[in-house]
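User: I'm new to reading protein structures. Could you walk me through some features, one at a time?

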Amino acid sequence: MSEEQLADVVGGIVEVSAEAIGQATARQAQLTKPAGSLGALERAGIQLAGIYRTSPPPVPGCATVGVFAADHGVCAQGVTPWPQEVTVSMLLNMAAGGAAINVLSGQAGADVMITDVGVKLDYPASPRVRDRKVAAGTRDLSVEPAMTLEQALAAVAVGLDAADEAVASGATILLTGEMGIGNTTPSAALISVFTGAAVATVTGHGAGVDDEVLAHKVEVIERAIALHSPSADDPVSALAAVGGLEIAALVGFILGGARSQVPVILDGVIASAAACVAAAIAPAAKGYLIAGHAGLEPGITAALAHLGLEALVDLGLRLGEGSGAVLALPIVRSSAAILSGMATFADAGIEA
Ligand SMILES: Cc1cc2ncn([C@H]3O[C@H](COP(=O)(O)O)[C@@H](O)[C@H]3O)c2cc1C
Ligand SMILES: O=C(O)c1cccnc1
């Protein structure tokens, strides 16, 4: 897609409804509970009213987790303990239903939609994997831009199409997922660029590096940022320079959800990085974002603070895949059900 086509997408994203938010806020105060007693559940329900533009909001039923997979040239710098082959192996594991995201999605009642946007190694085609490969992995962002602008935009388009397809198939809520060995490195880079936080404060252990490798990971990211001088004022260029193909696809998935006026539940650090980019491209998209969980990666905390989002769940997760997003799904559904299902003080004849 071209930058003009992306601008059209941005132009199609409307702010969530302030009127429905006002109505839902007033309704929360009339329900048979002390004001504010349901905490974050109340705030989530009000947000859903704004997103769906009606109060009470519908309970989001059909849910799709968009899992985007890709590889990362920066793995050449030794920023992850895992070999790149694991991206393919886990992709096939997900296609076979054996990954954590499959099990958790089954429990939550969500469909898993798997898209290859940039896996490096070949594998036997699977009917469960959508082949939308833009490139066989990114370049090493510590020595050259991870992607060309064209590749970054093409990957954004893959995510937009996935969101449109999910919504056309009946999804009324989207959740972000990913698989890509090495992807916590570009995620930390983007979060540093978009939040302004120091690299060392937003870089974590990812899939298990020790403290010594973590220090090296920080140094690799600092080097990349010094090389490209990415700016939050030019989000697509920043994404191309220090991002990843699945992160770009997640940017498109988020923008697509916002354009279709459905909520998008964010997973962990990779989703948080994509959300920072999406919000910089389209500030109105922010209103459609729900932070699924807090997680152990420090970049999540910085990104959510930057976006003004409050994590719904904190189970000390550090997996990714979409795991924290699907765990939050029942809570998000409950927040809508509270607004439609609870009696008001007037209904129950209680003097408020
Ligand atoms: C077996 C396995 C399953 C995973 N599922 C998600 N990730 C997570 O870990 C990777 C990012 O961490 P890093 O940047 O440190 O490589 C991504 O694939 C992410 O989805 C996994 C990682 C592994 C090894
Ligand atoms: O929080 C995450 O999303 C995460 C953490 C570790 C590894 N991969 C992803």
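User: How are α5 and α14 oriented to each other?

Analyst: Let's begin with the general idea. Two packed helices are described by the angle between their axes and by the distance between those axes. Keep in mind that we are looking at a predicted model. Here, helix α5 (residues 100-108) and helix α14 (residues 323-341) pack at an angle of about 10°, and their axes are 9 Å apart. Angles under 35 degrees count as roughly parallel, so α5 and α14 are roughly parallel to each other.

User: Which residues of α5 and α14 meet?

Analyst: From α5 come Ala100, Ile101, Leu104, Ser105 and Ala108. They meet Ser323, Val326, Leu327, Leu329 and Pro330 of α14. Sorted by class, this contact of α5 with α14 has 8 nonpolar and 2 polar residues, and no charged ones.

User: How should I read the spacing of residues along a helix?

Analyst: An α-helix has 3.6 residues a turn, so residues three or four places apart point the same way. With that in mind, look at the buried residues of α5: they are Ile101, Asn102, Leu104 and Ser105. The elements covering them include β1, α4, β2 (111-118), β4 and α14. After α5 comes glycine 109, with a positive phi near 75°.

User: How many residues of helix α10 are buried?

Analyst: For burial, we count the C-beta atoms around a residue; 20 or more others within 10 Å make it buried. In helix α10 (residues 235-242), 6 of the 8 residues are buried, so this helix is largely enclosed by the rest of the structure. The buried ones are Pro235, Ala238, Leu239, Ala240, Ala241 and Val242. They pack against α6 (149-168), α7, α9 (211-228), α11 (245-259) and α12 (269-281).

User: Is glycine 299 buried or exposed?

Analyst: Glycine 299, which lies in helix α13, counts as buried, with 28 C-beta neighbours inside 10 Å. Leaving aside neighbours within four places in sequence, glycine 299 is in contact with Ser187, Ala188, Ile191, Val202, Thr203, Gly204, Val269, Ser272 and Ala273.

User: Where does UniProt place the feature "active site"?

Analyst: A database label is a record, so let's read it as one. The UniProt entry, which is unreviewed, places "active site" at Glu321. In the model, glutamate 321 is found in the loop between α13 (298-307) and α14. Glutamate 321 is buried, with 27 other C-beta atoms within 10 Å. Not counting residues up to four places away in sequence, glutamate 321 touches Val67, Ala99, Ala100, Ile101, Gly177, Glu178 and Met179. Its backbone is worth a look too: phi of glutamate 321 is near 75°, a positive value in a residue other than glycine.

User: What surrounds the ligands?

Analyst: Let's take them in turn. Ligand 1 is surrounded by 17 residues, and the closest are Thr80, Thr184, Gly206, Ala207 and Gly320. The elements giving two or more residues to this shell are α4 (85-96), β4 (173-179) and α7 (184-195). By class, the shell around ligand 1 divides into 7 nonpolar, 8 polar and 2 charged residues. Around ligand 2 we find Thr184, Gly206, Ala207, Asp267, Gly268, Val269, Ile270, Gly295, Glu297, Arg318, Leu319 and Gly320. That shell has 4 nonpolar, 5 polar and 3 charged residues.

User: What can I read from the loop between α3 and β1?

Analyst: Arginine 53 is partly exposed, with 14 other C-beta atoms within 10 Å. Proline 56 also lies in the loop between α3 and β1, and a cis peptide bond joins serine 55 to proline 56, with omega about -5°. Glycine 61, in the loop between α3 (39-52) and β1 (63-70), is exposed, with 12 other C-beta atoms within 10 Å. The C-alpha atoms of glycine 61 and leucine 329 are separated by 9.8 Å, although these residues are 268 residues apart along the chain.

Conventions
Residues numbered from 1 in each chain as written. Chains lettered and ligands numbered in written order. Predicted model: local features only at pLDDT ≥ 70, side-chain atom pairs only at ≥ 80, totals over all residues. Axes fitted to C-alpha atoms, helices over the stretch in contact; angles between N-to-C directions. Helix = DSSP H or I, 4+ residues; strand = E, 2+ residues; numbered from the N terminus. Parallel < 35°, antiparallel > 145°, perpendicular 65-115°, else oblique. Contact = placed C-beta atoms within 7 Å. Nonpolar A, V, L, I, M, F, W, Y, C, P; charged D, E, K, R; others polar. UniProt positions renumbered as here; feature names shortened; annotations may be inferred. Near = placed C-beta within 6 Å.
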